[in-house]
Amino acid sequence: MGVYDHLDSKYNMMGASSFSKLAPKRPNTIVFGAGPSKVQKMNEEEVQQAANAPDKDKNPNGFHKCKKSLPVYRHRKTLVSIVKKHDSLIVIGETGSGKTTQIPQFLFEAGLASSGCIGITQPRRVAAVSIASRVAQEQAVELGKLVGYCVRFQDITSSQTKIKYMTDGMMVREAMTDEILSDYSVVILDEAHERSVHTDVLFGVARRAQKLRKMKNLPPLKLIIMSATMDVNKFVEYFQAQVVYLEGRQYEIKAYQTVSSYENYWLPALATLFKIHREAPPNEDILVFLTGQEEIESAVAYTRETGKHLSTIVDHPPLMVFPLYSALPTRQQLEAFKPSPPGSRKVVFSTNIAETSVTIGGIRHVIDTGVVKVRTHHPMTGLDMLKVEKISKEQAKQRMGRAGREAPGKCYRTYTQEEFDKLEDTTVPEIKRCNLAGVALQLLAIGIDITTFDFMDKPPKEGVDIAVKCLEKLGAVRGSQLTTLGRTMARFPLDPRFTKVILASVEHRCLEEALTVIALLSGESVFMDSTTKRAQASKARERFASPEGDHVMLLNIFRQYQSAKLKKVWCHENFLHYRNLQYGSEVRQQLAALAERANLESASCGTNTEQLRKALLEGLHENLAELQRDGTYVTMFTKQPVSIHPSSALHGTKPAMVLFTELVATSKYFLRGVSVIEPSWLTEKNTGGPGKHN
């Protein structure tokens, strides 16, 4: 590749020798499959069969043949026997072993769903949806009947559902109304190594449900914790569980690192992409890891345009380019999983949601930029920040593994071997770096005090204290008990501060407007940045701008979007993301239904949007910044120097006080989602503290 060092790398099947240092003494460890010395090479015919699997396996017989070829299949009877014998089980299943799709089906076929449902949790929505779709096909049933899924704002299940895939956050929400998880006979916590905040909460909640059932002499809750990689000793100590290792089906992967460092990972990533496109045979698809929607959409537009240009000059395969990120509507996420037509090439630009669980068919080349965007809460400042950070070695391994799911592949890392060696071994659990207010609210709704909750890794004490104080200021908690307001807040799957805005909007007679703004803030940005038509995009944005700020601007956009007849055309003309507005509209419908269920009185403030800003202040009162004498801004409570983001409608203006939705850390700290606040509005009620601001 020119700019890359070659590093021969291969994922061998994991047997006893691979895990001898990790295997705990107690409980016992069971290893399925041969050790590394017995790895079987796949011949060209087998490789081609695997590559064509998505096209061939559209009938039940094809699916059955595919299932039988998975490493986990030949161990199904032993696995079922172990699950029946033990209430808790840890399954270390290598990439390609088939654990996520097959183990739930084995348990269903063995009758373990007779007294309840088999629930399988995933950290990400796209994984829950795509895997449920696959399992429904394998069972030859309509999705939503025997096999279904449940993600935020979308429940595709029925009374017949026995195999239910869901995000871990949705199972936590179920526990809020059913602490023993009585609908389930088996709970499978998949991708446990990712350690999302909801996964960590679910570890404790599921273990608690298991103990409560024992105390009440109820049928046991079977708990299975699954991952391709994890700190085994830590999990064994926490769950006191039997451990099972499963071999995988991983093809040879060659890894390459850059010879020198690059400040901008875009340059080597795109250069590598088009070099692969020129040299690799058709239908060898490419997966590129980037950090967020804005970056991905820019890369998609650039690659499509460059691909068209190249096809007119030389004979290259047609390029099919797809984005993949969490805010993308489900049906559009699934576009990336469709096989590329014969003679063409698929390119998928994805965030870290493609690291685990999901298999994107046809991928032979992975370009790993080595970075990820994470939201970090700083307890000392009380602020949430979005920041691009280096991935861990664990994540790098997962990304690399995406290239070898169906055939031999290659992974191109846009960083040096030296930079790789400096990466942390494992990812920091989200519970140690996130805002804990939502976690505390959910646990209190279950009847658990966050200060005494048995987390696998204890969150920072200052983080817990700040979370409790935040809920007290919002009026959700008094002492260690939820208030009536807090119970209502717990019904909404939102940041508690956003929920408080919705509840406060009832008093300010602007519920309709609050639902719209909060729905749009729950997704990605609705604005489309055009590198080639920046002036036109800026002019289009001015049509919706409001001197009151960005939140009223969002309201103006949504109102016009709703009244537009040809919504896609209207969005294109105004440089707006149709997908994100569509997603916001769907979220708004769900929030409106929850508001109706909570008996919130609907009202609209019409053009008197001052009421909306007052409601925003009640939920986001800690997110305030004041103008200083030198013309700069400083956050009101933490005294952090900040600037209004250039994309804001208020950029270039100097209101005395502003409210912001989030803080973004790049070269300096920028405020995003900014609205004008009148200092005279600050009272004890809407700031959670005594006295008016002077």
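Helix axes are lines fitted to C-alpha atoms, over the stretch in contact, and the angles run from 0 to 180 degrees between N-to-C directions. I take helices (H or I, at least four residues) and strands (E, at least two) as DSSP runs, numbered from the N terminus.

I note the ground rules before the entries. The model is predicted, so I keep in mind that local features need pLDDT of at least 70 and side-chain atom pairs count only at pLDDT 80 or more, while totals for chains, interfaces and linings use all residues. Residues are numbered from 1 along each chain as its sequence is written, and side-chain values use heavy atoms, with hydrogens and water left out.

Entry: α21 against α23. I looked up how α21 and helix α23 (residues 578–597) pack, and found an angle of about 90° with the axes 11 Å apart. The two helices are therefore roughly perpendicular (65 to 115 degrees; under 35 is roughly parallel, over 145 roughly antiparallel, the rest oblique). On the α21 side the contact (heavy atoms within 4.5 Å) is made by I557, F558, Y561 and Q562. On the α23 side I listed Y578, L581, Q582, S585 and R588. By class, the contact of α21 with α23 has five nonpolar residues, three polar and one charged. Here Ala, Val, Leu, Ile, Met, Phe, Trp, Tyr, Cys and Pro count as nonpolar, Asp, Glu, Lys and Arg as charged, and the others, Gly among them, as polar.

Entry: α19 against α21. Helix α19 (residues 511–521) packs on α21 at about 100°, with the axes 9 Å apart. The contact of α19 with α21 divides into six nonpolar, two polar and two charged residues.

Entry: aromatic pairs. How many aromatic pairs does a search of the whole structure find? I got eleven, where rings of Phe, Tyr and Trp (its six-membered ring) pair if their centres lie within 6.5 Å, and planes under 30 degrees apart count as stacked, over 60 as edge-to-face and the rest as tilted. F235 and F239 have ring centres 6.4 Å apart and planes at 20°, so I logged the pair as stacked. They are four residues apart in helix α9 (residues 232–239), about one helical turn. F235 is buried at 2% relative accessibility, and F239 is buried at 6% (buried is under 20% relative accessible area, exposed over 50%, partly exposed in between, with a 1.4 Å probe and protein chains only). F558 and Y561 have centres 6.1 Å apart and planes at 40°, so that pair is tilted. These two sit three residues apart in helix α21 (residues 550–563), about one helical turn. F558 is buried at 6% and Y561 at 4%. I also noted one aromatic cluster of F203, F235, Y238 and F239.

Entry: charges over rings. K567 lies over the face of Y561, 5.4 Å from the ring centre. R76 lies over the face of Y73, at 4.0 Å. The test is NZ of Lys or CZ of Arg within 6 Å of the ring centre and within 35 degrees of the ring normal.

Entry: positive phi. A140, a residue other than glycine, has phi near 55°. I placed A140 in the loop between α6 (125–138) and β5 (147–151), and it is exposed at 54%. N217 likewise has a positive phi, near 55°. N217 lies in the loop between α8 (197–215) and β9 (222–227), and is exposed at 72%.
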